[in-house]
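The sequence and the model come first, and the notes follow.

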Amino acid sequence: MIFEQEILLMNLIDQNKLEIKNWIRIWFLNNSNATENNIEKNLNENYLETGWIDSLQFVSFISDIENEFKLRFENDEFQNKEFSNINGLAELIKEKMKSNV
């Protein structure tokens, strides 16, 4: 029974990747100079290099992610190149949520 519940939860987390990505996109729309069209075209681009946010906004972004998804990032995780784009970050959040199951 517990195993079945874990599988259901993991499937739910996989389905939530789209919701995670949408949450990130909405965050950028509300907290940066990026437009919806610009975000859609650049899901794999580095959001710091595009100029959407600066280093101070990045700290706020990480804090908002940690609060929203009830997780914590370790300093070494910020070195992962996937952390710097929306698609990669959504995947990292999904994986981190899975590991917290």
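E77 is partly exposed, with a relative accessible area of 24%; buried means under 20% relative accessible area, exposed over 50%, and partly exposed in between (1.4 Å probe, protein chains only). This is a predicted model, in which local features need pLDDT of at least 70, side-chain atom pairs count only at pLDDT 80 or more, and totals for chains, interfaces and linings use all residues. Residues are numbered from 1 along each chain as its sequence is written, and side-chain values use heavy atoms, with hydrogens and water left out.

**Overall make-up**

- The protein has four helices and zero strands, where helices (H or I, at least four residues) and strands (E, at least two) are DSSP runs numbered from the N terminus.
- Along the sequence the pattern reads α-α-α-α.
- Of the 101 residues in the protein, 37% are buried.
- The exposed surface comes to about 6,500 Å², and carbon and sulfur atoms supply 49% of it; accessible areas come from the Shrake-Rupley method with a 1.4 Å probe, and for residues only the protein chains shown count as cover.
- Among contacts with a separation of 6 or more, 60% join residues 24 or more positions apart; a contact means heavy atoms within 4.5 Å.

**Salt bridges**

- The count comes to six salt bridges, each being a side-chain nitrogen of Lys or Arg within 4 Å of a carboxyl oxygen of Asp or Glu.
- E77 forms a salt bridge with K96, at 3.0 Å from N to O.
- This pair links distant parts of the chain, since E77 sits in the loop between α3 (55-69) and α4 (86-99) while K96 is in helix α4, 19 residues apart.
- K96 counts as buried, at 15% relative accessibility.
- R25 and E40 form another salt bridge, with their closest N and O atoms 2.5 Å apart.
- R25 lies in helix α1 (residues 2-31) and E40 in helix α2 (residues 36-41), so this pair ties together parts that are 15 residues apart in sequence.
- E40 is partly exposed, with a relative accessible area of 35%.
- E95 and K94 also meet through their side chains in a salt bridge, at 3.6 Å from N to O.
- Within that pair, E95 is partly exposed at 36% relative accessibility, whereas K94 is buried at 9%.
- K94 and E95 belong to a network of salt bridges that links them with K17 and E91.

**The nonpolar core**

- The largest nonpolar core has 23 residues, and I24, F28, Y47, F61, I65, L89 and I93 touch the most other members.
- A nonpolar core is a set of buried Ala, Val, Leu, Ile, Met, Phe, Trp, Tyr and Cys residues joined through side-chain atoms within 4.5 Å.
- Helices α1, α3 and α4 are the elements that give two or more residues to this core.
- Leaving aside neighbours within four places in sequence, Y47 is in contact with residues including F28, F61, N85 and L89.

**N85 and the start of α4**

- N85 lies in the loop between α3 and α4 and counts as buried, at 7% relative accessibility.
- At the start of α4, a side-chain oxygen of N85 reaches to within 3.3 Å of the backbone nitrogen of N87.
- The side chain of N85 also reaches the backbone nitrogen of G88, at 2.6 Å; a polar contact is a pair of N or O atoms within 3.5 Å, where within protein one must be able to donate a hydrogen and the other to accept it, and residues adjacent in sequence count only if both atoms are side-chain atoms.
- Beyond neighbours within four places in sequence, N85 is in contact with L43, N44, E45, N46 and Y47.
- Helix α4 has 14 residues and spans 20 Å from its first C-alpha to its last, close to the 20 Å expected at 1.5 Å a residue; the expected span is 1.5 Å times one less than the number of residues.
- The buried residues of α4 are I86, N87, G88, L89, A90, I93, K94 and K96.

**Loop residues**

- K70 is found in the loop between α3 and α4 and is exposed, at 68% relative accessibility.
- Phi of K70 is near 55°, a positive value in a residue other than glycine.
- Most residues other than glycine have a negative phi.
- G51 has its place in the loop between α2 and α3 and is partly exposed, with a relative accessible area of 37%.
- G51 and A34 are 17 residues apart in sequence, and their C-alpha atoms are 8.4 Å apart in space.
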